[in-house]
Amino acid sequence: MAILKFSASAVAAQIAHARACKTFLPNWNGPVDRPALILIVGNGVHLRSNGIDGTTTRIVTTEQADPSFSFAEGMNPFWDSDWMAQRRMAFRDMTGQFYTDILDDVQVLIDRGQGAIRLATDGHSIRVFVRRASDYLIGGTYEVPSGLGGTFRVILKDACDTFAIVQNCGNCEDFDAMQPYRVPLDALMELDDRRAA
């Protein structure tokens, strides 16, 4: 799982473009009849409008990027020298185009004055992530996916708006002896949160 951070004003421009169009790029299922945002993982990671307005011949590809698109923080090939490493950390070697259904949720955050839009992705699903590091209790007990199909119980040591540092606690002795490690902030689950791991 990874959390991608975008400039709210850049995303707002893409939403405005999509809403101003009457024709839209098709998705894998065929024609599309409404505005949406597309996440492109390729030459950088960016959000763009699905609208076609006749002012550009650019089509959605993973090889081309336009500086006017809304790039994820740290993954802009026009500004970030290590964008490829950042993209690999978030998506491994996966590239592609992902039609999203987040436009209305993102618009609500923009209307509330959010300066940044954060999306949580596991590589296959994309959703708006509204929690912040300050929403979590340092020293609190949480669960995180183990990568083995279950969860680890952890103590939160530190957190920023994208990642948390956790220490296993209350599992078996071998797992609890592990050094603290980093997980995406979105991976922290309240103990009564029954999301699938």
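Modeller: In β6, the bridge partner of histidine 46 is phenylalanine 71. This is a predicted model, in which local features need pLDDT of at least 70 and side-chain atom pairs count only at pLDDT 80 or more, while totals for chains, interfaces and linings use all residues. Residues are numbered from 1 along each chain as its sequence is written, and side-chain values use heavy atoms, with hydrogens and water left out.

Biologist: Why is strand β4 described as largely enclosed by the rest of the structure?

Modeller: A residue is buried when its relative accessible area is under 20%, exposed when it is over 50%, and partly exposed in between, using a 1.4 Å probe and protein chains only. Six of the six residues of β4 (residues 44-49) are buried, so the strand is largely enclosed. Gly44, His46 and Arg48 point one way, Val45, Leu47 and Ser49 point the other way, and all are buried. In the chain as a whole, 44% of the 197 residues count as buried.

Biologist: How do you know that the side chains of arginine 19 and aspartate 104 meet in a salt bridge?

Modeller: The term asks for a side-chain nitrogen of Lys or Arg within 4 Å of a carboxyl oxygen of Asp or Glu. For arginine 19 and aspartate 104 the distance from N to O is 3.1 Å, so the pair qualifies. The two residues are 85 residues apart and link distant parts of the chain, with arginine 19 in helix α1 (residues 8-20) and aspartate 104 in helix α3 (residues 103-111). The search of the whole structure finds two salt bridges, and one of them joins arginine 88 and aspartate 93 at 3.5 Å.

Biologist: Why does aspartate 104 count as exposed, and why does arginine 19 count as partly exposed?

Modeller: Aspartate 104 has a relative accessibility of 54%, so it counts as exposed. Arginine 19 has 42%, so it counts as partly exposed.

Biologist: What makes β10 and β13 stand at the edges?

Modeller: They belong to an open sheet of four strands in the order β10-β11-β12-β13, with antiparallel pairing. β10 (141-145) and β13 each have a single partner strand, so one side of each is left without a neighbour in the sheet. Strand β12 (residues 163-168) is joined to β13 by four bridges, and alanine 164 stands opposite valine 183 in β13.

Biologist: Where is methionine 178 found, and why does it count as partly exposed?

Modeller: Methionine 178 lies in the loop between α4 (173-176) and β13 (181-184). Its relative accessibility is 33%, so it counts as partly exposed.

Methods
Pairing = 2+ DSSP bridges.
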